[in-house]
Structure formats: C-alpha cells, structure tokens
Amino acid sequence: MSKTILELNNVSIRFGGLTAVDSVNIKIDQGTISALIGPNGAGKSTIFNLITGIYPPTQGEITFLGATINGQKPHFITEMGIARTFQNIRLFGEMTVLENVKIGQHCRTKSGFIKAIIRGPGVKKEEKSITEASMEALRLMELDHKADELAKNLPYGEQRRLEIARAMATNPKLILLDEPAAGMNPQEKMTLMTMIRKIQTNNLTIFLVEHDMKFVMNLSDSVAVLDYGRKIASGSPSEIQRDPAVIAAYLGKGVV
Ligand code: ADP
Ligand code: MG
C-alpha cells in the first residue's frame, strides 16, 4: 500500500473577511505527481504558503510523513524535506547559476555566519559538499554546463528550471512547484515535462499548481480542484475531466 506523505485535514485560512482556503482536505501519496488546479484567486498558492509555513492555518492540521507541521517555521519545514518554487521567478540575476542554487541550501548548513567567515576546515568541507549537491541538481535539470553564467542571461525556460534545481539541491522528499510552466513556449513546456518525469522517483513526491491543462493531465497521477478556496473535486485526470462540478466551475469557462 502506498504511504501518505502529505495530508491537509480540514485546513482553512482567513485574511480579514476573506476565507482564502476553506476546510480543505488533501492527501498525497509518496512517489506520485499530484496537481492542484483552479481559477485565479482560488487559493492554490495560499495552500503552498500554508504547507511551507509562511502562514499558519486559521484552522485544521497539516501533516508531513505523519508529523504535524502547521505552525512550524519555513526553515524547519525545508529541513524536514519540503522544497518549493514560487509562481514568480525569484532568482538573483547578477549571481551565477551555481551561486543561485547554493543559496537554496543554507537551511542545511551546520556552520553559522561567523564560522563561515573564519572558514575553518569544517566550513570548507561543507562548502565542497554544497557545491557538489548544487552541481548534481543542475545536472538533473540539464543546466550544469551553464553553472558559471549569470542567471539573468539564461533564457526564460532555463531560469524556471534553475529554480527547480535550487529546490532540488536541498534534497527534498516533497517538492511544490507553483505554475512551473507559466510563460513557457510549447518546446520549453515539453522539456520541463520530461524533466519532471525524470526527477520523480519513489523518494520524491511532486505537487504542482499549473494552468496548462494538457501539462497537468499528462503528468499527474491525481488532481485536486479548488474554487473560491474550497476543494470541489479530486481524482484521476480522467475523473476530473468528466466531473460536472469541475466543468461548471472551471473547465467550462473555456480554460481547456
Ligand atoms: P491562486 O494561487 O489560486 O491564484 P492565491 O492563493 O494567490 O490564489 O490567493 C487566494 C486569495 O487569497 C486571493 O483572493 C488573494 O487575494 C488572497 N490572499 C492571498 N494571500 C493573501 C494575503 N497575504 N493577505 C490577504 N489576502 C491574500
Ligand atoms: Mg497562485
């Protein structure tokens, strides 16, 4: 039987008078690719923000590998094995590709800031292992040959892959991708789809938000649909495409 890696149990968050996420239940099996879809403003990114500890839920419980994580700080959640990318690109354009990936691993370093300045032998060893893990993540996303280029000089599709590499370098068990294909051309989307399939193993679970229905339906084992903060459906891609509530609330609006 498959093991549950992430569970949202009756999770809500209110911002003032707005219930952005309303009593949502989600269960994700380890080693799968799951998608979260829904119109703009449905609460998809907010769910990622709740999972990664940016906001504590107003109500409900979030568990990761059986442990309650709601109320924990983002760095703790990263350390537990959840990594993410953001809807909008968050790269340091004036830094190299490799440096951008190395930054993502600071959550994992044992050496503090002062120690890093003194640069004892422990720090050098750690620096070496960070560089190795970063290069490995770049290889996965086929960007290792661009390690020394400035991030701003990469084409758009590669910048988005670089963000995934940065998340992968923290060696996550679960990776959350917020609209990874947004703004990509069809060729870039195909490349990304192949890479997401390649990184997905029994040890890595992928949970993504995406508007491109072809992308979502081709890639996902299961899909959850959100509308006005509420989960209105979940199931396999074919179940979702046939669901009357989904068609009415979302798909019927001409999105697919
Ligand atoms: P989606 O990612 O599905 O497009 P979001 O999760 O970004 O939607 O937003 C859901 C709703 O919550 C929107 O109405 C948005 O304006 C609101 N919202 C998100 N974050 C905040 C916040 N920090 N403060 C107030 N409202 C927010
Ligand atoms: Mg969003």
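Student: In this predicted model, is Glu142 buried, partly exposed or exposed?

Tutor: Glu142 is found in the loop between H5 and helix H6 (156-168), and its phi is near 55°, a positive value in a residue other than glycine. Buried would require under 20% relative accessible area and exposed over 50%. Because its relative accessibility is 41%, Glu142 counts as partly exposed.

Student: What is the order of the strands in the open sheet of four strands, and which strands stand at the edges?

Tutor: The open sheet of four strands has antiparallel pairing and the order S2-S1-S4-S5. Strand S2 (18-29) and strand S5 (67-68) each have a single partner strand, so one side of each is left without a neighbour in the sheet. The strands at the edges are therefore S2 and S5.

Student: How many bridges join S1 to S4, and which residue in S4 stands opposite Ser12?

Tutor: S1 and S4 run antiparallel and are joined by five bridges. As for Ser12, the residue that stands opposite in S4 is Gln59.

Student: Which strands of the sheet does H1 touch, and what angle does its direction make with that of S1?

Tutor: Helix H1 packs on the sheet, where it touches S1, S2 and S4.

Student: Which parts of the chain does the aromatic pair of Phe15 and Tyr55 link, and is the pair stacked, tilted or edge-to-face?

Tutor: A search of the whole structure finds two aromatic pairs, and one of them is formed by Phe15 and Tyr55, with 5.2 Å from centre to centre and 75° between the planes. This pair links distant parts of the chain, with Phe15 in strand S1 (residues 4-15) and Tyr55, 40 residues apart from it, in the loop between helix H1 (44-51) and strand S4 (59-64). Phe15 is partly exposed at 34% relative accessibility, and Tyr55 is also partly exposed, at 31%. Planes over 60 degrees apart define the geometry, so the pair is edge-to-face.

Student: Which protein atoms are the donors of the magnesium ion (ligand 2), and how many residues apart in sequence are the parts that they tie together?

Tutor: The protein donors are Ser45 (OG) and Gln87 (OE1), which lie 2.1 to 2.2 Å from the magnesium ion. Ser45 is in helix H1, whereas Gln87 is in the loop between strand S6 (82-84) and helix H3 (97-103), so the parts tied together by the pair are separated in sequence by 42 residues.

Student: Which residue lies over the face of Phe86, and at what distance from the ring centre?

Tutor: The residue over the face of Phe86 is Arg90. Its distance from the ring centre is 3.7 Å.

Student: Is Asn100 buried or exposed, and which residues does it touch?

Tutor: Asn100 has its place in helix H3 and is buried, because its relative accessible area is 0%. Leaving out residues up to four places away in sequence, Asn100 touches Leu91, Phe92, Met95, Ala151, Leu162 and Arg166.

Student: How many residues of strand S7 are buried, and which residue in S8 is the bridge partner of Asp178?

Tutor: Strand S7 (residues 174-178) is mostly covered, with five of its five residues buried; Leu174, Leu176 and Asp178 lie on one side, and Ile175 and Leu177 on the other. S7 pairs with S6 in the parallel sense over three bridges, and Ala83 has Ile175 in S7 as its bridge partner. Five bridges join S7 to strand S8 (residues 205-209), again in the parallel sense. In S8, the bridge partner of Asp178 is Val209.

Student: How many residues lie between S9 and S10 in their hairpin, and what is the phi of Tyr228 in the turn?

Tutor: Strand S9 (residues 222-227) and strand S10 (residues 230-235) pair in the antiparallel sense over five bridges, and Leu226 has Lys231 in S10 as its bridge partner. The hairpin has two residues between the strands, and Tyr228 in the turn has a positive phi of about 50°.

How values were computed: Residues are numbered from 1 along each chain as its sequence is written. Chains are lettered from A and ligands numbered from 1 in the order in which they are written. This is a predicted model: local features need pLDDT of at least 70, side-chain atom pairs count only at pLDDT 80 or more; totals for chains, interfaces and linings use all residues. Side-chain values use heavy atoms; hydrogens and water are left out. Rings of Phe, Tyr and Trp (its six-membered ring) pair if their centres lie within 6.5 Å; planes under 30 degrees apart count as stacked, over 60 as edge-to-face and the rest as tilted. Buried means under 20% relative accessible area, exposed over 50%, partly exposed in between (1.4 Å probe, protein chains only). A charge sits over a ring if NZ of Lys or CZ of Arg is within 6 Å of the ring centre and within 35 degrees of the ring normal. Donors are N, O and S atoms within 2.8 Å of the metal (3.2 Å for Na, K and Ca); water is not among the atoms, so sites may look incomplete. Two strands pair if DSSP finds at least two bridges between them. Contact means heavy atoms within 4.5 Å. Axes are lines fitted to C-alpha atoms, for helices over the stretch in contact, and angles run from 0 to 180 degrees between N-to-C directions.
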